[in-house]
Amino acid sequence: CDASLGESAGCTKQVLRLSMVYTAGAVSIPLSGVVWGPLLDSKGAKTVRLMGLAFFFCACILFAFADSKAFDVYIPAAAILSVGGMGFFFSHFV
């Protein structure tokens, strides 16, 4: 929490920010399933698995270099991580 904003104001901003990161990831999972399903049918499990891993890897790199002040990519990284995870997960049920 940011002490300069006061105890409750700083913590509230932090909780809201973390909630947005969680929401971006949670919403991306079912939405990406709509794309991964037809792609799995047309391209096959191996292609979808590799694509899912590529998304997951890119998101991990974004998280590794993310900084809340200079390079704030936590929300898109959470969404991309969820998309990649869903593609990888779907590819195992063929």
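## Cysteines

The sulfur of Cys58 lies 9.3 Å from the closest cysteine sulfur, that of Cys60, which is too far for a bond. A disulfide requires a pair of cysteine sulfur atoms within 2.5 Å, and by this rule the count is 0 disulfides. Cys58 is partly exposed because its relative accessibility is 44%, and Cys60, at 35%, is also partly exposed. These classes rest on relative accessible area: buried is under 20%, exposed is over 50%, and partly exposed is in between (1.4 Å probe, protein chains only).

## Basis of the model

The model is predicted; local features need pLDDT of at least 70, side-chain atom pairs count only at pLDDT 80 or more, and totals for chains, interfaces and linings use all residues. Residues are numbered from 1 along each chain as its sequence is written, and side-chain values use heavy atoms, with hydrogens and water left out.

## Helix H2

Helices are DSSP runs (H or I, at least four residues), numbered from the N terminus. Helix H2 covers residues 45–65, and its 21 residues should span 30 Å at 1.5 Å a residue, which agrees with the 30 Å between its end C-alpha atoms. The expected span is 1.5 Å times one less than the number of residues.

Val48, Gly52 and Ala59 are buried in H2. Seen down the helix axis, the buried residues of H2 fall within an arc of 35°, so they line one face; the arc is taken from the directions from the axis to the C-beta atoms. The face turned away from this buried side carries exposed residues, including Lys46, Leu50 and Phe57.

## Ser82

Ser82 belongs to helix H3 (residues 74–90) and counts as buried, at 14% relative accessibility. Neighbours within four places in sequence aside, Ser82 is in contact (heavy atoms within 4.5 Å) with Gly25, Ser28, Ile29 and Ser32.

Notes: Helices (H or I, at least four residues) and strands (E, at least two) are DSSP runs, numbered from the N terminus.
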